[in-house]
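These are my notebook entries on one structure. I set down what I looked up, entry by entry.

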Amino acid sequence: MLTKEKRLEQLLKQDDSHWRWGWGIAIATIVMTLVIAAQSKLYAPLLVFISFFPYLCFEWRKTKLLLTFNEDARYQRLVYTDFGIQWLCFVLTICLLAAYYADSLSPIIAIAGLFGIGVMSILAPYVINRHLHSLDAHHVRGKELREARDQRFRESETNT
């Protein structure tokens with residue numbers, strides 16, 4: 001089993017390999033959003049797909065890396081559950097927008113549904129990470145990963 005420092009190092013290494021793709025996808029998403037939004041509002045579900053699918057691909061790669069850190073079945077089930085909830089939120093958002101633009105939902109229900117999906121997508125990873133940390137003391141939480149990224153960024157600024 002890897003220590004927290006080694007896990008953090010591997011997660012940061014994976015981030016390093018993704019940063020170019022991340023920026024490229026972000027720019028392409030903005031351009032596609034402007035082009036598609038100019039065509040019609042009915043393409044909002046397509047915009048959500050274009051915007052968030054690449055993020056899910058990056059999260060899947062992170063999930064596969066996390067699965068290599070601990071072979072405990074409960075740990076792996078929670079890692080899969082975290083990704084599954086993100087995928088579920090993605091699919092529910094597309095379905096909700098599609099139903100709204102097909103005039104099957106009222107605006108209030110659509111807004112309430114989007115709010116609920118947003119809350120679930122924020123709270124679920126927090127709760128799952130707490131459980132993962134209780135199962136494995138070396139589990140790297142999101143906060144620790146963000147702090148390591150920030151520290152690395154500050155160090156690179158002072159070196160240049």
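Is N70 buried or exposed? I looked up its accessibility and found 10%, so N70 counts as buried; buried means under 20% relative accessible area, exposed over 50%, and partly exposed in between, with a 1.4 Å probe and protein chains only.

**Entry 1. Basis.** I note that this is a predicted model, in which local features need pLDDT of at least 70 and side-chain atom pairs count only at pLDDT 80 or more, while totals for chains, interfaces and linings use all residues. Residues are numbered from 1 along each chain as its sequence is written, and side-chain values use heavy atoms, with hydrogens and water left out.

**Entry 2. The chain as a whole.** I looked up the secondary structure and found five helices and zero strands. Helices (H or I, at least four residues) and strands (E, at least two) are DSSP runs, numbered from the N terminus. The pattern along the sequence reads α-α-α-α-α. Along the principal axes, the C-alpha atoms fill a box of roughly 50 × 40 × 20 Å. The protein chain has 160 residues, of which 30% count as buried. I then looked up contacts, meaning heavy atoms within 4.5 Å. Among those between residues at least 6 apart in sequence, 71% join residues at least 24 apart. The chain exposes about 10700 Å², and carbon and sulfur atoms supply 65% of that area. Accessible areas come from the Shrake-Rupley method with a 1.4 Å probe; for residues, only the protein chains shown count as cover.

**Entry 3. The surroundings of N70.** I located N70 in the loop between α2 (44-67) and α3. Leaving aside residues up to four places away in sequence, N70 touches M1, R7, Y75, Q76 and D136. With D136, the side chain of N70 makes a polar contact of 3.1 Å. A polar contact is a pair of N or O atoms within 3.5 Å; within protein, one must be able to donate a hydrogen and the other to accept it, and residues adjacent in sequence count only if both atoms are side-chain atoms. The N70 side chain also reaches the backbone nitrogen of D72, at 2.8 Å.

**Entry 4. Salt bridges.** How many salt bridges does a search of the whole structure find? I found four, a salt bridge being a side-chain nitrogen of Lys or Arg within 4 Å of a carboxyl oxygen of Asp or Glu.

One of them joins the side chains of K4 and E144, at 2.9 Å from N to O. K4 lies in helix α1 (residues 4-39) and E144 in helix α5 (residues 142-159), so this pair ties together parts 140 residues apart in sequence. E144 is partly exposed, at 24% relative accessibility.

R7 forms a salt bridge with D136, a contact partner of N70, and the closest N and O atoms of this bridge are 2.6 Å apart. R7 lies in helix α1 and D136 in the loop between α4 (107-135) and α5, so the pair ties together parts that are 129 residues apart in sequence. Both partners are buried: R7 has a relative accessible area of 0%, and D136 stands at 3%.

R74 and D72 form a further salt bridge, with their closest N and O atoms 3.7 Å apart. R74 is partly exposed at 46%, and D72 is partly exposed at 28%.

**Entry 5. Helix α4.** The 29 residues of α4 should span 42 Å, and the end C-alpha atoms are 42 Å apart, which agrees. Its buried residues are A110, I117, A124, P125, I128, N129 and L132. Their cover includes α3 (73-101) and α5. I109 also has its place in α4, but I109 is partly exposed, at 48%. I109 and L96 are 13 residues apart in sequence, and their C-alpha atoms are 9.2 Å apart in space.

**Entry 6. Cysteines.** I searched the whole structure for disulfides, pairs of cysteine sulfur atoms within 2.5 Å, and found zero. C89 is in no disulfide; the nearest cysteine sulfur, that of C95, is 12 Å away. C89 is buried at 6% relative accessible area, whereas C95 is partly exposed at 46%.

Notes. The expected span of a helix is 1.5 Å times one less than its number of residues.
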